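Reader: I have a model open and would like to go through it with you, a bit at a time. Could we begin with the side chains and then move on to the helices?

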Amino acid sequence: MPVAARNKRVAYAIIAVFGGVIAYAALALRTTDDPQIIAKLRCAAKSVALHQQVFAQTEAGEPFPAFQDELEARVNRLHRFVRGLTQSNDRHSVAYRPIMIAEEAARDAAVAENAEGYVRGTWAEVQACDTLHNGDLPA
């Protein structure tokens, strides 16, 4: 076998190995394995779903809830966390969409039964999980 052909095969083999390593890193290592980050993503999704419900209720003519300003602050803080994961291409960012879809489905089912109960109960959960992950809101 000529030297040029052998060098060509070696070069292709090296490229294939590097391509395989890159593909493995891109696909297999993008797992969502940090339970603390997943819990914070669930909290963010829950806050967004609650915010959507409160907005829908106010659009329907109901008054703003007393906790509207605090809800906005918590939603914005949690949304900054999610946006930071997405912009940094963190491997956990791929988990947010399915979590959000599941939370919206749960919200729809709960609202069909008792909309006011959903808002009160979820507000308490959002306060608890946001405080757990981020601490109290600044005064």
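Reader: Which ring does K40 lie over, and at what distance from the ring centre?
Author: In this predicted model, K40 is placed over the face of F81, and the distance to the ring centre is 4.2 Å.

Reader: OK, and how many aromatic pairs does the count come to?
Author: The count comes to 1 aromatic pair. The partners are F67 and W123, whose ring centres are 4.4 Å apart and whose planes stand at 10°, which is under 30 degrees, so the pair is stacked.

Reader: Are F67 and W123 buried or exposed?
Author: Both F67 and W123 are buried, and for the chain of 139 residues as a whole, 29% count as buried.

Reader: And which parts does that pair tie together?
Author: Because F67 belongs to the loop between α2 and α3 while W123 belongs to helix α5, the pair links parts that are 56 residues apart in sequence.

Reader: Switching topic, how do α2 and α5 pack?
Author: Helix α2, residues 35–59, packs with helix α5, residues 115–134, at an angle of about 145°, and their axes are 9 Å apart. The crossing of α2 past α5 is left-handed.

Reader: What kinds of residues make up that contact?
Author: There are 11 nonpolar, 7 polar and 4 charged residues in the contact of α2 with α5. Among them are A39, C43 and L50 from α2, and V119, W123 and V126 from α5.

Reader: Last one, how many helices and strands does the chain have?
Author: The chain has 5 helices and 0 strands, so its pattern along the sequence reads α-α-α-α-α.

Technical notes:
Residues numbered from 1 in each chain as written. Predicted model: local features only at pLDDT ≥ 70, side-chain atom pairs only at ≥ 80, totals over all residues. Heavy atoms only, no water. Axes fitted to C-alpha atoms, helices over the stretch in contact; angles between N-to-C directions. Helix = DSSP H or I, 4+ residues; strand = E, 2+ residues; numbered from the N terminus. Left-handed = near helix turned anticlockwise from the far one by under 90°. Contact = heavy atoms within 4.5 Å. Nonpolar A, V, L, I, M, F, W, Y, C, P; charged D, E, K, R; others polar. Phe/Tyr/Trp six-rings, centres within 6.5 Å; stacked < 30°, edge-to-face > 60°. Buried < 20%, exposed > 50% of the residue type's maximum accessible area, 1.4 Å probe, protein only. Lys NZ or Arg CZ within 6 Å of the ring centre and 35° of its normal.
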